[in-house]
Amino acid sequence: MAKRGDPKTLVLNNFEELKFVDNIFCPQRGQLRLFRFHPFAKYMVSKLVCSVPVQQMDVNQQQQLLKQYKERCKIKQPHIFYTIESESQKTMKPGQFGQSEVFQIFVFFEYGQLTLHELTERRQAKRYLIPEPEVWCLIKGVMQAMHFFQNNNIPHGMITTKTIYFDEEYLLYRVYDQELIGGRWGNFIKYQQTKDPEIQVFLAPETKPFINSEASLLETAQINPFKVDVFAFGIVLLQCLTLFQAFENPLKWLDQFYSKNLMTFITQCIQPDPNKRQDWIGLYQLPLEPSQDQKINERNSMIQSHFENRGQKTFR
């Protein structure tokens, strides 16, 4: 008798072995080792997530740390890329005083390839806005993942158009457990130190005083990481809905084409005052579907004409 359950979960839980393909570099996820399931064709990657000198941890501590990673890999939600395994090894690493032995942990996880950024660029090339039903699919997918994360006290810390993916096989918008594959709060620290305007645009106003600061956001109690993630997602939506076009007042422009409920959702996300901005749990109280005040997806010709008549100035 066939096993019951989600087919994808069955595949991930019952793979026979992983076949190494090659070493690759990903701009969003760094140095990776590419694998594929055997006998399945699904691709996975592994990443070094922890490296500790052996003299700093005894064997029991090493095994306890590995156990924590294995437990974290069991966290499953359809809109979060699956992590299926973690493994450890000891290796020699060159240092200032010669070679030393280090304890390393690698995590295996699904390899997402089509980013929301790339998907939006395809639409930009055709000069057609995203249909509102698809926007709500994006919102609901990311919301389900982030709501799940918040319920498990896991911030994402790196939401951009390049860290949200569209899974063409399962037709889902998905994200990574960024904290697991990037190190706890490591991405917030990178945010603080970045001078890249493409990243700084996603930073919530309350984080700006800490850019290039020696103080870590981890130690800054007044920063709510979930509300910081919400703000970043609001900017993601603005970039996608305007197809990266720069507007003095993008919400006013978008109001011509999208429903009141969608505009309300985005406005709440980009609320500059963190005390008034909702976290993911609070956002779930908002209507997550189009209102009936406007007809949408019937004005693409007007949008196309608008883009042709104005400059192609963009923001990313």
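The legends below describe close-up views of a predicted model of one protein chain.

**Figure 1**
The chain holds 12 helices and 7 strands. Of its 316 residues, 47% are buried. The chain exposes about 16,400 Å², and carbon and sulfur atoms supply 50% of that area. Among contacts between residues at least 6 apart in sequence, 68% join residues at least 24 apart.

**Figure 1. The largest nonpolar core.**
In soluble globular proteins, nonpolar side chains tend to be buried together. The largest nonpolar core of this model has 52 residues. Ile-139, Ile-164, Phe-233, Tyr-258, Leu-262, Phe-265 and Trp-280 touch the most other members of this core. The elements giving two or more residues to the core are helix 3 (116–126), helix 4 (132–151), helix 8, helix 9 (250–254), helix 10 and helix 11 (280–283). Helix 8 provides the largest share, 12 residues. Another core, of 22 residues, lies apart from this one, and includes Val-49, Val-54, Leu-66 and Tyr-176.

**Figure 2. Phe-233 and the residues around it.**
Phe-233 is one of the core residues that touch the most other members. Which residues does Phe-233 touch, not counting residues up to four places away in sequence? They are Leu-138, Ile-139, Val-142, Ile-159, Ile-164, Phe-265 and Trp-280. Among these partners, Ile-139, Ile-164, Phe-265 and Trp-280 are also listed with Phe-233 as core residues touching the most other members.

**Figure 3. The crossing of helix 8 and helix 10.**
The axes of helix 8 (residues 225–241) and helix 10 (residues 260–269) come within 7 Å and cross at roughly 135°. The two helices are therefore oblique to each other. Helix 8 makes the contact through Val-230, Phe-231, Phe-233, Gly-234, Leu-237, Leu-238 and Leu-241. From helix 10, the contact residues are Leu-262, Phe-265, Ile-266 and Cys-269. By type, the residues of this contact are 10 nonpolar, 1 polar and no charged. An α-helix has 3.6 residues a turn, so residues three or four places apart point the same way. In this contact, Val-230, Phe-233, Gly-234, Leu-237, Leu-238 and Leu-241 are among the residues supplied by helix 8.

How many residues of helix 10 are buried? The count is 7 of the 10, so helix 10 is largely enclosed by the rest of the structure. The buried residues are Asn-261, Leu-262, Met-263, Phe-265, Ile-266, Gln-268 and Cys-269. They pack against helix 4, helix 8, helix 9 and helix 11.

**Figure 4. Ala-204 in a loop.**
Ala-204 is found in the loop between helix 7 (197–200) and helix 8. Is Ala-204 buried or exposed? Its relative accessible area is 0%, so Ala-204 is buried. Not counting residues up to four places away in sequence, Ala-204 touches Val-228, Phe-231 and Arg-277. Phe-231 also takes part in the contact of helix 8 with helix 10. Ala-204 and Gln-271 are 67 residues apart along the chain, and their C-alpha atoms are separated by 9.1 Å.

**Figure 5. Leu-243 and Phe-244 between helix 8 and helix 9.**
Leu-243 is in the loop between helix 8 and helix 9, and Phe-244 is in that loop too. Leu-243 is not a glycine, but has a positive phi of about 55°. Phe-244, not a glycine either, has a positive phi of about 70°. Leu-243 has 0% relative accessibility and so counts as buried. Phe-244 also counts as buried, at 0% relative accessibility.

**Figure 6. Phe-148 in helix 4.**
Phe-148 lies in helix 4. With 23% relative accessibility, Phe-148 counts as partly exposed, because buried means under 20%. Leaving aside neighbours within four places in sequence, Phe-148 is in contact with Ile-75, Lys-76, Gln-77 and Ile-80. Phe-148 and Lys-76 are 72 residues apart in sequence, and 9.5 Å separates them in space, C-alpha to C-alpha.

**Figure 7. Lys-19 in strand 1.**
Strand 1 (residues 17–26) contains Lys-19. Lys-19 counts as partly exposed, with a relative accessibility of 34%. Lys-19 and Arg-36 are 17 residues apart in sequence and 5.3 Å apart in space, C-alpha to C-alpha.

Key
Residues are numbered from 1 along each chain as its sequence is written. This is a predicted model: local features need pLDDT of at least 70, side-chain atom pairs count only at pLDDT 80 or more; totals for chains, interfaces and linings use all residues. Side-chain values use heavy atoms; hydrogens and water are left out. Axes are lines fitted to C-alpha atoms, for helices over the stretch in contact, and angles run from 0 to 180 degrees between N-to-C directions. Helices (H or I, at least four residues) and strands (E, at least two) are DSSP runs, numbered from the N terminus. Angles under 35 degrees count as roughly parallel, over 145 as roughly antiparallel, 65 to 115 as roughly perpendicular and the rest as oblique. Contact means heavy atoms within 4.5 Å. Ala, Val, Leu, Ile, Met, Phe, Trp, Tyr, Cys and Pro count as nonpolar, Asp, Glu, Lys and Arg as charged, and the others, Gly among them, as polar. A nonpolar core is a set of buried Ala, Val, Leu, Ile, Met, Phe, Trp, Tyr and Cys residues joined through side-chain atoms within 4.5 Å. Buried means under 20% relative accessible area, exposed over 50%, partly exposed in between (1.4 Å probe, protein chains only). Accessible areas come from the Shrake-Rupley method with a 1.4 Å probe; for residues, only the protein chains shown count as cover.
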